[in-house]
Amino acid sequence: MLKREVAKRVFAREFEACRALEMPVRAGGGKASSGDLKTPNLLLSPSGLVLNRVFVVGVITELDCVGAQNEMWKARIVDPTGAFTVYAGQYQPEASIFFSTVEIPAFIALTGKARIYEPEPGSVFVSVRAEEVNVVDEEIRNRWVVDTAEQTVERLEAFSDAVVSGYRDEELRGYLLEKGVSGELAEGISLALERAHAPEEFAKLLGVFVKEALQALEFDSENSSGADGDRKEFVLELLREMDEGKGVDYAAFLEVAVSRGVPEELVEDVIRSLFAGGQCYEPRIGIIRLVG
């Protein structure tokens, strides 16, 4: 029996920057064209993460039945750094049944296979083909964010060490192995430095997103007491009060909150933390809605 690839934890911002590590080979020996939709053997992120399958926990904020005969589900799963595009069709019956019954928004955990579509050179779309999906709670989502952040930071530290070393190719792989880096990550970092576009800049940006993701989880504990805590609770209650089931116009919400004595900066901080923490989403531009 073939061994399945381990599902990797990865933030949306890094996943969408992944590119195919290997182009598939046709039966005749030629490479597939860039316009082919394919499930690659492996994807490579700019920080050196090598993956084929992913494990994601986030908020499902959009869901559509697409395809000529509505045989395909398309979902948007949000984490603190961005969003995953997820598909499930007739060959993923369990996932399709889940999407046909789930109520959005909801916290979900998903395992799936990475796919990449290149309609033309320079235009790349990365998505996930769902294998297993379940509804979870906010605590599990928060645990996933922390665990994914820890793994990402560890990888970024190895990547930074590789850059500073000045080594490349076999010398770099040997250097990283001596440092205790896994063989897969050592190979991935070496390939990322060789093939990825501006990987060092991306690594710095990813570090910022990871920090912001963790800060969003800490927002509640840091602002749960005193006047700021009371105002934060007021902002949440006002959102619930103004939402009649279809979301709240942000401009109108901000105006009402400020008129009731809540500083605009605090309102924006609360909303930003809710977005980053997956507790709030934007069903349409300018419209905000709480999860749950």
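Guide: Let's start with a cut-off: a residue counts as buried when its relative accessible area is under 20%. Keep in mind that we're looking at a predicted model.

Visitor: Fine. What percentage of the residues of the protein count as buried?

Guide: The protein has 292 residues, and 45% of them count as buried.

Visitor: I'd like to know how contacts relate to the sequence. What share of the contacts with a separation of 6 or more comes from residues 24 or more positions apart?

Guide: Take the contacts in the protein with a separation of 6 or more: residues 24 or more positions apart account for 63% of them.

Visitor: Let's get to helix packing. At what angle do α3 and α4 pack?

Guide: Look at residues 138–165 for α3 and residues 169–178 for α4. The pair packs at about 130°, and the axes are 10 Å apart. Angles from 65 to 115 degrees count as roughly perpendicular and those over 145 as roughly antiparallel. α3 and α4 are therefore oblique to each other. As for handedness, the crossing of α3 past α4 is right-handed.

Visitor: Which residues in α3 and α4 meet?

Guide: On the α3 side, pick out A158, D161, A162 and S165; their partners in α4 are L172, Y175 and L176. Sorted by class, this contact of α3 with α4 has 5 nonpolar residues, 1 polar and 1 charged.

Visitor: Now for α4 and α5. How do their axes cross, and within what distance do they come?

Guide: The α4 and α5 axes cross at roughly 145° and come within 9 Å. Here too, α4 passes α5 in a right-handed crossing. From α4, the contact takes D169, L172, R173, L176 and L177. Facing them in α5 are G183, A186, E187, I189, S190, L193 and E194. The tally for this contact of α4 with α5 is 6 nonpolar, 2 polar and 4 charged.

Visitor: D169 turned up in that list. What is its phi near?

Guide: D169 has phi near 55°, a positive value in a residue other than glycine. Its place is in helix α4. With a relative accessible area of 41%, D169 is partly exposed.

Visitor: I've also marked A198. Where does it sit?

Guide: A198 is in the loop between α5 (183–195) and α6 (199–222). Phi of A198 is near 50°, again positive in a residue other than glycine. Its relative accessibility is 31%, so A198 counts as partly exposed.

Visitor: How about peptide bonds: is the one from I104 to P105 cis or trans?

Guide: That one is cis; omega is near 0°. To find P105, go to the loop between α2 (93–101) and β9 (106–120).

Technical notes. Residues are numbered from 1 along each chain as its sequence is written. This is a predicted model: local features need pLDDT of at least 70, side-chain atom pairs count only at pLDDT 80 or more; totals for chains, interfaces and linings use all residues. Side-chain values use heavy atoms; hydrogens and water are left out. Axes are lines fitted to C-alpha atoms, for helices over the stretch in contact, and angles run from 0 to 180 degrees between N-to-C directions. Helices (H or I, at least four residues) and strands (E, at least two) are DSSP runs, numbered from the N terminus. Angles under 35 degrees count as roughly parallel, over 145 as roughly antiparallel, 65 to 115 as roughly perpendicular and the rest as oblique. A crossing is left-handed if the near helix is turned anticlockwise from the far one by less than a right angle, and right-handed if clockwise. Contact means heavy atoms within 4.5 Å. Ala, Val, Leu, Ile, Met, Phe, Trp, Tyr, Cys and Pro count as nonpolar, Asp, Glu, Lys and Arg as charged, and the others, Gly among them, as polar. Buried means under 20% relative accessible area, exposed over 50%, partly exposed in between (1.4 Å probe, protein chains only).
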